[in-house]
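Subject: Structure handover

Hello,

Here is the structure for your files.

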Amino acid sequence: MATVLKLQVNYLNCVVGLTEEPQFSWVIDTPFRNCRQKQYQIQIADEPSFTSPFFDTYLVQSSASAQVRISGFIPEEGIIYWARVRVVTESDGEGVSTSAFSKSTTILGGLKNPDSLKEHFITAESEEDIKLSKGTYLRKAITLKKVVKSAVIFSTAQGVYKLHLNGKKVSDDQLAPGWTSYDHRVLYQSYDVTDQLFLGENVLGAHLGSLWYKGTLSFLKIHNFYGEYASFSLRLDIQYTDGSKDTIYTDESWKGSYSPVLNSQLYEGETYDASLEQKNWDTRGFDDRAWHNARIVACTVEHVEAQVGSAVELQEVIAPTLAFYTPKGERVIDFGQNMSALPEVRGQGKAGDTIILRCFEVLDKDGNVYTDNLRRAEQRITYTIKDDNPFVYRPYFTFFGFRFIHVESFSGRADIDNFKAYVIHSTMEQTGSFVCSNSDLNQLQHNILWGLKSNFVDVPTDCPQRDERLGWTGDAQIFCRTASYNVNTYTFFKKWLRDLALDQTEDGGVPHVVPDVLYKYPFDNWLLNKGTHSAAAWGDAAIINPWVLYLTFGDIAILETQYESMKGWIDFMKHHAKNNIWNYKLQFGDWVALDAEEGSYFGATPNELTCTAYYAYSTNLFVKISRVLGKEEVAKQYETLYNQIVQTFQQTFFAPDGTMTAQTQTAHILALHFNLAPKQFVENTVENLKKLLAEHDGHLVTGFVGTPYFCHALSSNGCLDEAYELLLKDDFPSWLYQVRKGATTVWEHWDGIKPDGSMWSPNMNSFNHYAYGAIGEWLYRVVAGLEIDEKAPGYKHAIIAPRIGGNLTWVQAGYQSIYGEVGVSWEREDKTNIIALEVKVPANTTASIRLLDGASLIYGDTLSFVEHDTILEAEAGSGVYTIRYALST
C-alpha cells in the first residue's frame, strides 16, 4: 500500500501568516514500480484530531501531487488549521490502492491588514540614542480573567528583536524580523502562544537591537540608513473558551529600559555588561517602577508583510577542536570549520573582569592571528562579568563569520570547554547529497554547503565576516542552481526576489546589492559612484533566479510574481543597448579573474562581450518564460530581439575565420554555454578554448562570470576528459587547491592564500564566499547526471544521464524533490569499463535514463533501451532500477 510521507504547504512543513489559498504538495512512498496517483483527498480541520473537518475536497480525480491549489478555503486571521491528505494510486504488482491519511501539517492564518501594525511601533530609546546601537527592553503586564482557547502574537520591529512571554523566549528565531528592503517593507512574525498564557498576570516582553535598520551598514559605514529608533510593534489576539475575544497592541502604557547590551552591530560585534542585567525582567512580580513609559514612533516602511517561513534560527552547535598559542603568544580557539555563528563563552571570574574575544577566519603563514581581511569589521565580543558566579553568554543582536577565536582577554585560562559555536542560517531543508570516491571532491562539496549555510542568513550575502555582508546579486545569480540542489531555496529566494523587484529603478535597472544600500548617499569610493546599478551577470539575477526556481519546483507562480520585474530588466538593457551591444556605466565583468591586469579586480574579457552575452541569454530565458505563461505575442516580440542580439554578437565578437575577437577563456565559455557561437564555428571555438586552457597548463584563469560554466562548456562539447581534468586539478589555481590548503568553505579568490602561504590583498579576500562553489551544479547535473526536463520541471519527469570520468570509481547523489528522492549511484566494476548504475525515480513521476558516450547495454532491468545516435535511452516509471553497461573503450 502506498504511504504519504510528507505533506507540505507552499513548500514548507508548516506555514504561518498565510492570507491566500494554500497550495499543497506531498510525497508518495511505495515499494511497487510505476506508481501513479489517480485521486487525492485533502481535509482541513480547526483541531488536530480531525473529528469533524470543516473542509473536505473528498476524492478528486487528479494525478497532481504538487502545486495543488484548492478553492474555497482561505485561512482566517489568527486561526490555526490542520491539514492532511490521502491518495489513491495504481502501481505494478499492487493495482489500485488507497493510502491512509498522512500526518497533518499546520497553517496559521495571517493578518488581513498587516499595515495596521505600522500604527503601534513603540521605542524605549531617546534622541540621545539615535547614533547608538544599544539594546533596550520593553515589557507589559496583562491580566487574564478567562480561560484561553487560543492566542496568537503578530509582531515585528524596526531593528531586530527577541520576543518574550512569561520569562521565556517565544521562539528560536534569530535576528527577526530579518532584513528586507526596509524602505518598502518589513516582515512580521506569527506565533501561537496558546500554551504560554495562563489565568492571572502575564508579562509580554521584547528585547530590541539595531542591526541592519539603524546600525552601521555596508563598507560605506553608514549609520541610521533606514531610521533613527529601534522600535517594536505587537498585536496579541486572544480567544477565550466562552467565545469572547481580546486584542492587545503595543502602546505608550508599555514600559521601557536599557538592557545590558551596550553596543551591538553587524560588523563591530557586541559589548555586554552583565552587571546591568535585570533578573526576571520578563516575568510576573518584577518591579518596573524605575522604567520609563515607551513612546510611539513613526513607521518608516511603506508596508508590513507576513513572513511565512525560512526564518533565521539556531541550526547546530559546534564544539572547538583545539586551543593553542600562536608563535606570537596569542591564545586561539579553533572550531575546525568556517561558519556564520554565535560564539558562546562560559566561565567564572570576578566582578568587573572583562572578557574580550575576536572572531576571525584564518591564520597567517606563520601560524599567527590574521584579521587584515576583515577590513574595518571588528568582529569583537566584550563581556563584563557581574559577580563571581559561573556565567554563560551568547551575543543577542549580531552574528560572526569565523573559524577561530582570538582570546584577547579572559578571566583565567581559556580552553575548549569554555566555548561553543551556535550555527545560524535561514531554515531551509537540505535536499541534495553528493559523495564520491574522491575525498577531495567530497570536501569540496562540504565546503560548498557550508559556504551556503554561512551566507544564507536571511539574504544571500557575499561573505559573513568583513565590513560588507551584502546581498550581491551576481553572487546569488551565479550560485542559485547549485544552492537549489543542496537546499530548499523556494521561500528564501522568493522573499529576496520580491525585494529585488521593489528596489529596481523606475526604468527596470537592477541594484548591485539587494536590499539596495548603495544608492542613497553621495560618496567617493574606488569601486562605485552614486547611482550605479545594473551590471551584467549581477542584474540578470532578476531573470535567472526565478527561472531556476521554476525549473526546480515546477511552479509558474514565481514566474507570474516576478514577470514585470523580469520584463523591466530586459527592457532596461534594450533601452541602453546601442545596435544590440549592451554596456552600462560600471560593469564588474569577469570579476577577480586571474587574467586581470596587475592590481585590478576586472578580468580581461571586454565588458561589451560579457554584457551582450548575458543580454542574449536573459532575453532567451524571458522568451521561454513568456511562453510558459501563455504570453505568445510577447514571446514572439522578444524572440525577434533575441535573434537580433545573437546575430550582432556573432558579427561583433567573431572574426570571419571563426576566431573570437577576445582571446580569453571566459569569452569562449560564454559563447559556447549561451549558444552564441555560429554553428559553423562551434568546433573552432571549442578548440580555441582547449588551446587557451593548455596555455595555462590546463588551469583556469576565469573569474565570477566564466568559472560557473567552464566545465559545462567543455563537457557539452565533446570535452568530458578536459572538464574532469579541470575539476580535479589540485594545484594553484583550482577548486581543489583550496581544499589542499585546508579550506572548509569556498574562497573569494583562487589565491586567497598563495602557494607560499602569503595572502592575497586584504582589501578583498574572503575565505567564505560561495560564488566559485557554483561548480556544485556540474557535480549534480553531469557527474551524477541528475537533470531537470524543462518540459516537465520540478522533476515531474527527470533526466538521468551520468557522465563517467575523472578516474572516479563511484558516485552517489540524490535530490529530495517535491515528489520524493531522485537518486543516482554509479560504480565502475573492478577497474573495468563496466558501470553498475542504480536509479531511483519517485512515485508519480517518470524519468528518461540515458547511457552516454557510446555505451553498450549489458543488463537493462525491465527497461527497454532504444539507441539514438550514440545514446541508449529508456523511459522509466517510478521505482528503483539496476542497470549494467559497458563504456566504449
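This is a predicted model: local features need pLDDT of at least 70, side-chain atom pairs count only at pLDDT 80 or more; totals for chains, interfaces and linings use all residues.

Residues are numbered from 1 along each chain as its sequence is written, and side-chain values use heavy atoms, with hydrogens and water left out.

Strand S8

Helices (H or I, at least four residues) and strands (E, at least two) are DSSP runs, numbered from the N terminus. Strand S8 spans residues 80-91, and ten of its twelve residues are buried, so the rest of the structure largely encloses it. Buried means under 20% relative accessible area, exposed over 50%, and partly exposed in between (1.4 Å probe, protein chains only).

Two strands pair if DSSP finds at least two bridges between them. The pairings of S8 are these:

- With strand S4 (residues 36-45), S8 pairs in the antiparallel sense over nine bridges; Arg36 stands opposite Glu90 in S8.
- With strand S10 (residues 105-109), the pairing is antiparallel over four bridges, and Tyr81 has Ile107 in S10 as its bridge partner.
- With strand S9 (residues 95-98), four bridges join the antiparallel strands, and Val88 is partnered by Thr98 in S9.

Three residues lie between the strands in the hairpin of S8 and S9, where Gly93 takes a positive phi near 85 degrees.

Arg185

Arg185 is in strand S16 (residues 185-192). Arg185 is buried, with a relative accessible area of 4%. Not counting residues up to four places away in sequence, Arg185 touches Thr180, Val301, His303, Glu305, Lys495, Arg498, Asp499 and Leu502; contact means heavy atoms within 4.5 Å. Asp115 is 70 residues from Arg185 in sequence, and 9.8 Å from it in space, C-alpha to C-alpha.

Helices H7 and H8

The axes of helix H7 (residues 607-628) and helix H8 (residues 632-653) come within 8 Å and cross at roughly 155 degrees. Axes are lines fitted to C-alpha atoms, for helices over the stretch in contact, and angles run from 0 to 180 degrees between N-to-C directions. H7 and H8 are therefore roughly antiparallel to each other, the term for angles over 145 degrees. Residues making the contact include Leu609, Tyr615 and Phe622 of H7 and Tyr638, Leu641 and Phe649 of H8.

Regards

Terms used: Angles under 35 degrees count as roughly parallel, over 145 as roughly antiparallel, 65 to 115 as roughly perpendicular and the rest as oblique.
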